[in-house]
Amino acid sequence: MNHQPFETWLLADKILNAAEKRELDSHLRICRSCSALAETGLALRSAKASSPTAGFALRFQHRLAVQKVAERRRRLWGLIVLIVSGVSLLGWFAAPVVYAFISAPVEWLTAVVGYFLFVFTSMQAFSEILRVLARMAPNFIPPYAWMVMLSTLAGMGLIWVVSIWRFAHKPQGVTV
Ligand SMILES: [Zn+2]
């Protein structure tokens, strides 16, 4: 069977006039392969017609990408805001010290050195006071108090010595 020119028309998706269309229809009625080809062409055309779905998918992907970029940008801005607020908060607390240092570095250093000197000298003074008190104590404490203290110390010493003696002799298994 001669399929031309119908096969060419179908493959090229040719726009047919009324006479051509009539010829093709009569051929398709008797030719199985050309009618199959015509059906395939129709299916392809309908697939092409349904291409908006592909376009929609593409638009959807695009929107998703845009959303992703926006999300990333939002996260970046969040990070920036967090850093800026943290730095400014730190600056708020550090500002007086920094301002003092910038406005008068020499005075600031003097104040710091003076503080350390103050700590050092007060510690020295405290130890001096303790030494003086230790030297003056015997004159203030009455004699009977010294006797009580000495006897207490002696008693404690005796207990200590006895404990040591008992501890030292226990391993030998001495029974009383
Ligand atoms: Zn045919």
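The model is predicted, so local features need pLDDT of at least 70, side-chain atom pairs count only at pLDDT 80 or more, and totals for chains, interfaces and linings use all residues. Residues are numbered from 1 along each chain as its sequence is written, and side-chain values use heavy atoms, with hydrogens and water left out.

**Overall form**

The protein chain has six helices and zero strands. Its pattern along the sequence is α-α-α-α-α-α. The radius of gyration is 54 Å, well over the 16 Å that the globule rule gives for 176 residues, so the chain is more spread out than a compact globule. That radius is taken over C-alpha atoms, and the globule rule is 2.2 Å times the number of residues to the power 0.38. Helices (H or I, at least four residues) and strands (E, at least two) are DSSP runs, numbered from the N terminus.

Along the principal axes, the C-alpha atoms fill a box of roughly 145 × 75 × 20 Å. Buried residues make up 7% of the 176 residues. Buried means under 20% relative accessible area, exposed over 50%, and partly exposed in between (1.4 Å probe, protein chains only).

**Domains**

The domain assignment gives domain 1 (1-49), domain 2 (52-103) and domain 3 (105-152). Such bounds come from an automatic or database domain assignment. The C-alpha centres of domain 1 and domain 3 lie 117 Å apart.

**The largest pocket**

The largest pocket holds about 310 Å³ of space. A pocket here is an open set of points on a 1 Å grid over the protein atoms alone, where a 1.4 Å probe fits, with protein on both sides within 12 Å along at least five of seven lines; lining residues have an atom within 4 Å of a point. Grid points are joined across faces, edges and corners, and the volume is the space filled by probe spheres set on the points.

The lining counts 14 residues, and L10, L16, K21, L24 and R45 lie nearest the centre. Helices α1 (6-12), α2 (18-30) and α3 (32-49) each supply at least two residues of this lining. By class, the lining has eight nonpolar, no polar and six charged residues. Ala, Val, Leu, Ile, Met, Phe, Trp, Tyr, Cys and Pro count as nonpolar, Asp, Glu, Lys and Arg as charged, and the others, Gly among them, as polar.

**Aromatic pairs**

Rings of Phe, Tyr and Trp (its six-membered ring) pair if their centres lie within 6.5 Å; planes under 30 degrees apart count as stacked, over 60 as edge-to-face and the rest as tilted. The count comes to two aromatic pairs.

| Pair | Centre to centre | Angle between planes | Type |
|---|---|---|---|
| F6 and W9 | 5.5 Å | 90 degrees | edge-to-face |
| Y115 and F116 | 6.0 Å | 65 degrees | edge-to-face |

F6 and W9 both lie in helix α1, three residues apart, about one turn of the helix. F6 is buried at 10% relative accessibility, and W9 is buried at 12%. Y115 and F116 are exposed.

**Backbone details**

Most residues other than glycine have a negative phi, and most peptide bonds are trans. The peptide bond from Q4 to P5 is cis, with omega near 5 degrees. P5 sits in the segment before α1. D13 has a positive phi, near 60 degrees. D13 lies in the loop between α1 and α2 and is partly exposed at 39% relative accessibility.
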